[in-house]
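Please view the sequence and the structure together while reading.

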Amino acid sequence: MAADVHNKGASWEVKNGNLAPVDRLQKDRSDSPTPGLVEGTEPGAGQEGAMFVHAQSFEDLTAEGEPNTNDRSAETGDLSPAVSVEAVARNAQEEVLEEGEEEREGSSEPAREEETKQVRSSNKAKDEDVTSETWRSHRKHLFVLSEAGKPIYTRYGTEEALSSIMGVMMLLMSFLEDKKNIIRSIHADGYRVVFLRKSPLILVGVSRTSCSDRELTPRTSNRQSYDLRRLLAGSEHLTDSLLQLLDRDPGLLLSAVMCLPLADSARDVVSSSLQAAKSKNLVFSILLAGNRLVTLVRKKDQFLHHMDLHLLFNLVGSSSAFRQGEGWTPICLPKFNPAGFFHAHISYLEPASDLCLILVSTDREDFFNLSDCKTRFLERLRKRSAYQALQEALSMPSYPVSQVGIPELRHFVYKSKSSGLYTSPDLPVPYQAVEEHERLIGLYQNLHSCLHHPTRPLRYMYCCRETENLYALVTSGFELYLCFSPLGTKALAVSAVPKLVKWIRKEEDRLFILSPLTY
Amino acid sequence: MLMIRPRMASGTQEKQYTPSLLSFFIYNPKFGPREGEEEKKILFYHPIEIEKNEKIRNVGLCEAIVQFTRTFCPTKPAKSLHTQKNRQVFHEPEENYWMVMVVRNPMVEKPNKDGKPPTVEYQEDEIIDSVYGSVLKQCYSMYKLFNGTFSRAFDAGGVELLIQKLEKFFYRYLQTLHLQSCDLLDVFGGIAFFPLDKMTYLKIQSFVNRVEESLSLVKYTAFLYNDQLIWSGLEQEDMRILFKYLTTSLFPRHTEPELAGRDSPLRPELTGNLLHYGRFLTGPANLKDPDAKFRFPRIFVNTEDSYEELHLIVYKAMSAAVCFMVNAAVDLSREFCEQLDSLVGPQLTLLASDICEQYNINRRISGPEKEPQFKFIYFNHMNLAEKSTIHMRKTTSVSLTSVHPDLMKILGDINCDFARVDEDEEIIVKAMTDYWVVGKKSDQRELYVILNQKNANLIEVNEEVKRLCATQFNNIFFLD
């Protein structure tokens with residue numbers, strides 16, 4: 001059986017790692033989950049192909065910026081039948097290249113001005129003395145500057161006050177480049193400074209946390225694609241909130257998305273309603289609940305990168321403008337195509353609810369079409385009385401870790417590699433304070449970076465500390481991070497893994513989206 | 001001097017280069033604060049052939065980085081700089097004196113077809129900062145042991161004297177650095193202690209006391225057996241670097257004559273003395289030689305407070321070696337050396353054979369040595385005690401380890417984790433090669449174990465380590 005599964009696994013290996021696995025039959029799914037599960041059969045693995053393009057590692061994500069990504073998108077274009085989206089995207093790309101830097105910045109964000117003003121005024125936290133101790137003691141700094149050394153963004157303080165520091169950053173960077181070398185990072189006791197050039201921007205991150213620069217770099221670079229398009233038009237708050245998300249949400253770390261736990265019958269209804277409400281130029285229909293995914297319907301052959309989805313989460317979560325009505329905004333999904341633009345119809349199902357519908361189209365004149373799609377979707381939803389179930393699921397907390405029934409287990413994060421989805425229980429008492437929450441995520445980050453070390457990766461890592469015991473493992477099918485109380489023993493941790501995986505298998509209908517739909 | 005050691009991988013044409021020393025320099029920004037005077041800052045620069053402006057630029061970069069990091073934390077400036085091609089490690093041992101070591105990242109050279117130059121791939125994650133930071137600190141300690149502090153030299157003879165001293169010392173010392181074989185042991189820089197029963201230990205203690213009593217000039221004494229320390233009167237920090245010097249430089253230089261036969265021309269000094277095996281490792285090679293010079297190397301200890309300059313006399317009989325340290329103000333004469341030789345020689349010969357006997361008995365009791373399933377490194381920060389079964393031997397040229405370098409690096413990673421958090425911790429990992437690596441930190445002690453049990457699970461590994469602690473460290477407490 002195992003060998004059988006392995007063979008199946010090999011056959012999905014597609015050339016560029018960019019296409020989702022081929023469809024599989026129900027019987028391929030193994031009954032008794034063990035740590036030896038192969039990718040695609042672990043609990044939470046999608047049945048009919050993944051929704052996301054999933055990167056195997058951070059390296060995939062950071063793989064040398066723009067030219068590469070362009071190549072890749074061109075490649076996908078060749079492989080899949082030339083879909084209109086691709087063409088549009090590529091046209092947009094060429095257009096943009098012609099227009100040059102300045103234009104590119106401007107054109108990306110025409111519909112954002114009102115919001116920007118609103119944010120500018122709420123930016124009080126920024127007026128901080130950059131020579132003060134408080135400024136220095138921030139845990140993570142991020143600076144963005146242009147290649148000429150001009151300040152563009154800083155997380156704390158004002159860009160103007162920091163211009164001299166940024167000038168030095170620029171000089172350090174170019175000094176080493178003169179020698180045909182590249183600056184990576186500077187390390188000191190208790191903090192580090194990481195440099196990254198992503199033309200036309202330079203990013204410099206300063207971190208006081210224990211996470212390694214291996215993490216910091218890709219994280220900054222993930223942000224980059226974002227910065228390039230959004231922040232230049234003056235929406236610093238998006239970057240601010242994204243940075244905060246990085247500290248608190250394991251999804252970005254794991255390159256995965258969390259689903260709203262929902263009975264599969266209810267989810268099916270929602271999905272099919274969404275599927276039915278289609279339109280010619282519609283590429284993705286996404287229903288979000290906070291920063292959890294309820295469902296996603298996509299055009300056949302089009303895959304959304306989880307990173308892009310995180311950017312959408314962030315976009316929606318960080319501005320209240322969409323609450324008031326239907327929003328229509330051009331968006332760039334940098335992992336899908338870093339130079340092309342989509343147009344998104346963003347609206348909450350109800351002003352007071354957390355449910356947010358994002359409809360992504362290729363046509364900039366599509367607003368009314370999509371608005372119509374939304375109405376049709378809502379009608380269908382009400383008719384099949386799924387709305388109630390959705391509301392109920394939303395009002396309840398995710399699930400407590402005690403449901404799993406493993407003593408001393410405080411928290412866990414489980415990621416199914418093939419579907420790019422993860423699940424995690426509510427934060428238990430010791431981690432509910434923001435500081436402790438971020439500390440826990442920091443611990444996970446540390447485990448993650450050790451397991452995924454570029455030259456010395458690990459299979460298991462068990463870490464016994466005064467405040468908690470941590471256990472992390474990577475198999476070909478999943479990644480699992482467990483946090484036990486200090487009273488947990490190693491024996492307990494070892495026995496907890498199969499037990500937990502079994503529980504997730506039992507609950508997978510509820511915790512994951514197993515059968516993603518296409519139009 | 002580039003220490004490139006190409007290693008041909010079997011079957012392919014790829015060339016692997018180990019990390020090597022690119023440059024090493026010492027500067028003081030206060031010596032040339034004005035523009036146009038930058039060269040005066042530079043006190044030492046290796047390699048010497050580098051063009052002046054290039055030196056100035058490289059020193060300038062280090063200054064800039066240190067200054068830059070002060071904006072984020074004024075009291076903790078940069079320790080290292082990572083670039084694609086190399087690592088730079090910074091150390092400020094004395095105020096305003098900066099030492100910088102630039103190490104090239106290991107790289108793989110892949111030949112290209114059509115006569116194109118080969119592509120070079122740098123392996124940026126291979127070098128562990130703490131290892132090379134420690135090597136740099138060791139460079140300073142070694143310099144200080146033989147030359148005293150930078151500022152003393154500057155006070156005594158100005159920049160000229162300091163530059164002269166630095167050049168004289170580092171020119172030779174840098175050639176003895178073997179960066180490719182540096183690992184966790186360099187981070188610890190510990191001292192290996194010789195395990196001994198109480199009786200023999202007391203015998204040694206009384207021997208040391210007797211000698212110090214009769215030779216009142218002797219200020220400090222240290223006793224070693226088999227390159228392991230038994231007794232030392234020096235401060236720990238001083239002993240640490242002296243131990244390093246003895247075991248990696250002085251002793252290995254003298255093992256060859258000992259291994260040579262009795263009639264070999266390599267050991268002429270023994271011909272005249274049949275009463276005992278004692279001889280000087282520093283100072284006169286042969287006391288009977290009428291032209292013998294009674295000059296001993298000078299060392300500096302307690303540089304923080306009393307700042308003492310001492311003669312270092314190392315005397316050895318069989319496997320036992322004793323260091324006698326005498327105030328440098330006293331001139332050591334032929335009479336003193338003869339007195340020392342006749343007093344210490346016979347006693348030490350006897351003592352050495354006693355220790356040897358005892359050692360053999362102990363080894364027989366602990367049973368025949370079979371290849372264990374594990375290898376370990378132990379280090380205690382309190383007394384600098386260190387023990388490794390991973391390293392087969394450590395000589396001037398290479399330290400041979402019996403495990404894969406990647407595993408050593410995992411040990412280094414775990415050590416960095418421990419250093420970050422100031423609390424007791426235990427980390428158990430399983431590498432992709434299926435080796436288990438366990439790191440334990442309890443109070444001031446650190447223990448690292450590598451287990452080669454591919455099919456063991458976490459619980460079995462834990463049991464195995466417990467057993468190891470019980471047999472090897474039965475009276476040392478480790479947190480469970």
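Two strands pair if DSSP finds at least two bridges between them; strands (E, at least two residues) are DSSP runs, numbered from the N terminus. The model is predicted: local features need pLDDT of at least 70, side-chain atom pairs count only at pLDDT 80 or more, and totals for chains, interfaces and linings use all residues. Residues are numbered from 1 along each chain as its sequence is written, chains are lettered from A and ligands numbered from 1 in the order in which they are written, and side-chain values use heavy atoms, without hydrogens and water.

Strand S20(B) spans residues 425-431, and seven of its seven residues are buried (under 20% relative accessible area, with a 1.4 Å probe and protein chains only). Glu425(B), Ile427(B), Val429(B) and Ala431(B) point one way from the strand, while Glu426(B), Ile428(B) and Lys430(B) point the other way.

| Strands | Bridges | Facing residues |
|---|---|---|
| S16(A), residues 458-464, and S20(B) | six bridges | Cys464(A) and Glu426(B) |
| S20(B) and S21(B), residues 436-442 | six bridges | Lys430(B) and Trp436(B) |
| S16(B), residues 374-380, and S17(B) | three bridges | Phe379(B) and Glu386(B) |

S20(B) and S21(B) form a hairpin with four residues between them. In its turn, Asp434(B) has a positive phi of about 75°.

These strands belong to an open sheet of 11 strands with mixed pairing, in the order S7(A)-S15(A)-S14(A)-S18(A)-S17(A)-S16(A)-S20(B)-S21(B)-S22(B)-S16(B)-S17(B). Its edge strands, S7(A) (257-258) and S17(B) (386-388), each pair on one side only.

Key. Buried means under 20% relative accessible area, exposed over 50%, partly exposed in between (1.4 Å probe, protein chains only).
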